[in-house]
Amino acid sequence: MRNFSTWQNTSEKPKRLGNFVVMGLLILYSFIALGPLLLMVVGSFRTSSAIFTNPLGFEWPPSVQSFVKAWDQAHFSVYFLNSILVTVSSVLISTSVSVLAAYALARSRARSMRILEATFLSGLMLPIQLAIVPIFHLLDGFNMIDSLPGLILVYSAAGIPFSVFVLVAFFRQLPEDLEEASVIDGASAFRRFWSVMVPLVRPAIAAVAIFRFVPVWNDFLYPLILLRSSNHYTLPVGLASFFGQYQTDWSLLFAGLVITTLPLIILFLLASKQVIAGLTAGMGK
Amino acid sequence: MKRSRLVAGAVLLATLAPTLYTTSAHADTETTLNVWSWRPEDASAYKDIFAVYEAAHPNIKVNFQTYVATQYPQILTTGLTGKNGPDIVQTQAYGRLQPFVLGGNLVPLNGKVSGLSNIATANLGGSSGHIDGKIYGVPFATQTIQMFYNKDIFAKYNLSVPKTWANFIKNNDTLKKAGVIPMSVGAKDTFLLPLISEAFTSAVYGGPAFERDVLSGNKTFEDPLYVKAISTFADMKEYMPDNVVGVSYSDSQTLFISERAAMFPGGSFELGFFQAQNPNLKIGTFQIPPPPGSASKTGLTPTYVDGSWSLNAKSTNQAAALNLLRWMASQQFGQLFSNKLSQMSPIRGVTFINPLLAQMAANAKRYPAPYLLIADFRWAAPTGTDIMAPGLQKLFLGTTNPAQLATALQTGISTWFKPKK
Amino acid sequence: MRKAPPSGPHTRKGGVRLSRSASFYFVLPAVLIFGVFILYPMFMAFSYAFFEWHGTARGAFHGIGNFITLFTREPYKTDVPRAFSHNILIFGAEMILQNTIGLGIAYALHNLKRGKRFFQTLYTLPYLVSSIVIGYLWTLMLSSTFGPVNRLLEIIGLDKFALPWLGDPRTAIWVLILVVTWQWIGFPVLLYGAALGGVPADLEEAASIDGANRRQRFFAVTLPLIMPAVTTVSVLGFIGAMEAFALPYALGGSTGSPAGSTDVLSLVFYRVAFESGDSNGTGISSALATLLFIFIFGASVLATGIMRRREENRT
């Protein structure tokens, strides 16, 4: 950040107090953000019976039996790989086709493109619970039930509305004269797109990717209905199996959740680095 | 750029995926039967049970799959209407079975499964089509509704199992004064409230006799006895945890398991769970004696069918599946089921080794009653439970009273219910 | 050093920067995938609403019969409008909360020298956990029997605030709104952070040299430039509020406990489709979903159009 030392010094004392208060509020909210999640992590190191008899207690020593049970008995090792495959593939596909489409939609004034944009947006509003049965029948017709590629294609398609929506907004913000230089150089549309525009919306791409990655990684409805064999299942399906009709194995569920959420945290740390790197490098050009 | 390599890699993986993950096909005569259920908590027990069948039938493999209960209706819809669906499915009872009957997704079993004659006709009601009366499944469990109590707490305060209403109230007062929560009920989650209330109300309005009267039109739900039944339940609020509407179902289970509450009104499905979570808990059960002025002189045990095992009309292994279904109507299966899951099989001749289960079943046999709302009033919208579940909660919130609730129930079901004179 | 910021309204009207054929190829992959796997099933789903259903089997064409049933027959007649009002309330509250708290946090983090990513990740954590478990965790936190929140309030002497949060129809809906905000805050914080980063530093410098204080700088310079992000967050927030399912289900069950005070339209859909005794459950629930879609679509297109036009007029 630039340092405007000359005029800033005059208002430094109240500013320092202001900073202190702000930091205090940020830290306070951190506790609120974390609170329930800590409950979850603690619960994963206890047994379900213990949780039922004493919901807020803790027993020493911590028990890792739930983690072991989730990984082995509940096949989380297999589900983990499937989740990675399905989520990475579908986010890659939906993000790449969406970046392409968003660029065209942002740069074009044609009526057809406006209609297309509205159509993409409409996909965002489709209630998932409603769509699942026709999607099932569609895949059933292609004989793609219980196939991971089928699931990947559905997720890719489902990610397009959101990705296009966010990326179009960012593309539109970029002034057209930035591409002028490369037009004069005689670059093709794709060249312009790839070399000039994409690096500039890198933060937006990272944001879109992470905010598609999370719902796909955590979604259990589509895999539950579109997959059949247990060796195709993804992590959330495994988690769903811990929910009994009347009684839930909370410790096992929490352990499964910790396993499921950890990669997301790591991914988010990496992706937000991209976003911030993009902020300080990209837009500052 | 790194990106294109990633994309290429992903595409490669995606195309390889089918080959990496295909299940190996069994070339010879081995048949795999897919059985679906909504009870994940029973998964391991069923695997053991089906292992017995597999041992006796070497070329049959039973693939038992469970699905989370909240999404099960969707799963069943897609499973039964698509290709490569399951062979045998667990179906819900009474009104919840009908969408699949009407849709033609299930095979009628009359005359095909001899074991059905080993099941009391009353217990087949939950597995039948409402309109055509045919049987579409083999009922797998009956559940009873009663009061569970903590024997140690009762002993500590010198309480005995109440045989009269006065005794029951006295027990509650003693417990309350001693600082123990007399009855553990959670009114935050509405779906079980009708069931819980039935433990109190059935004997007041007179169970089977009332059912006959309502179905024939001689009485309605606005009958003074039914209103009295509802208000009996409402009056129990003072013996329930504070802020009962804020107590969740899970909380109420915890209160009983952790011995902070002395009694728990609920279904027989709770037994196995309580005993598993706290093996030291000494549990007993009793029928709640009705107050004076009630239709019945003794407590009753409302009973209902939990669900059935049905045959998918589109199954590609009809013959083999039917054989398995026949076995699931046999005493051997019923006995394994009751032993492993501590639940009541409706098949005659099954003995319950869990003494509490045996006691509950004996009560149900001696003092039977229907779980009226789901047995007879779930055929169209609004269902009896649709109205009573939030209605009972409103009762505890104080925004409605027993007479108003009874009227609301009658008005609601009258939109589709026509008594059979 | 960046090129000069855009000046004056666009003078290049009507000219397509991208040729027609180029545009076509750019959008083609998305159109194909979306068309086959989402658009086509979407139309199929809406078609369900125009038929009468017998359980799982489709019956005769029913015109707008199902739609009429929604507004004339109980329980739909009372449940649908009430649930709709809850959705609107959630949207209104979320708009205010996400845009003030979210923007406020993003602004605070923007001016932070260190720890930006630490806080960002922390605040986004709730979003990374499945809603059903969030629901359970908050139910436990707010439980009047076991919950630490009430216990804490009692310890610091605020007993009278130790209410049965999820057991009182008056407070339950606000708990739902706050938990939704708590779960989602990471998204506006990230998006606004990215947008704030896009505000050229020299513009802020110019304004401060002109004598504008912090507050004036924010409202006159920064806010207009991040409007696209505000639009994005608002539209997505609107859609999310209208279609909320997982958290309301986790906190209030399928009936919107207590006493239907947290009932939302997607819960009504779920009940009608899977828990009602109605043999035409599929038809009626599809009609509800179709109406919901039309409402969301209409409102979003209208709002996006208005806001985009306003953006264009500013630049």
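Is B:Asn243 buried or exposed, and how many other C-beta atoms lie within 10 Å?

**View 1. B:Asn243 in a loop of chain B of the predicted model.** B:Asn243 is buried, with 20 other C-beta atoms within 10 Å. The residue belongs to the loop between helix 10 (224–235) and helix 11 of chain B. Its phi is positive, near 50 degrees, although B:Asn243 is a residue other than glycine. Most residues other than glycine have a negative phi.

**View 2. C:Ala259, a residue with positive phi in chain C.** Phi of C:Ala259 is about 55 degrees. The loop between helix 12 (246–252) and helix 13 (265–275) of chain C holds this residue. C:Ala259 is buried, with 23 other C-beta atoms within 10 Å.

**View 3. The buried face of helix 12 (residues 270–277) of chain B.** The buried residues of this helix are B:Leu271, B:Phe274 and B:Gln277.

**View 4. The crossing of helix 8 (148–173) and helix 11 (202–218) of chain A.** The two axes come within 10 Å and cross at roughly 150 degrees, so helix 8 of chain A is roughly antiparallel to helix 11 of chain A. The crossing is right-handed. Among the contacting residues are A:Tyr155, A:Gly159 and A:Phe162 of helix 8 and A:Ala204 and A:Val208 of helix 11.

**View 5. Cis peptide bonds in chains B and C.** A cis bond joins B:Ala381 and B:Pro382, with omega about -5 degrees. B:Pro382 lies between helix 16 (372–376) and helix 17 (384–397) of chain B, in a loop. The bond from C:Glu74 to C:Pro75 is also cis, with omega near -5 degrees.

Methods:
Residues are numbered from 1 along each chain as its sequence is written. Chains are lettered from A and ligands numbered from 1 in the order in which they are written. This is a predicted model: local features need pLDDT of at least 70, side-chain atom pairs count only at pLDDT 80 or more; totals for chains, interfaces and linings use all residues. A residue is buried if 20 or more other C-beta atoms lie within 10 Å of its own, exposed if 12 or fewer, and partly exposed in between; C-beta atoms are placed from the backbone. Helices (H or I, at least four residues) and strands (E, at least two) are DSSP runs, numbered from the N terminus. The arc is that of the directions from the helix axis to the C-beta atoms. Axes are lines fitted to C-alpha atoms, for helices over the stretch in contact, and angles run from 0 to 180 degrees between N-to-C directions. Angles under 35 degrees count as roughly parallel, over 145 as roughly antiparallel, 65 to 115 as roughly perpendicular and the rest as oblique. A crossing is left-handed if the near helix is turned anticlockwise from the far one by less than a right angle, and right-handed if clockwise. Two residues are in contact if their C-beta atoms, placed from the backbone, lie within 7 Å.
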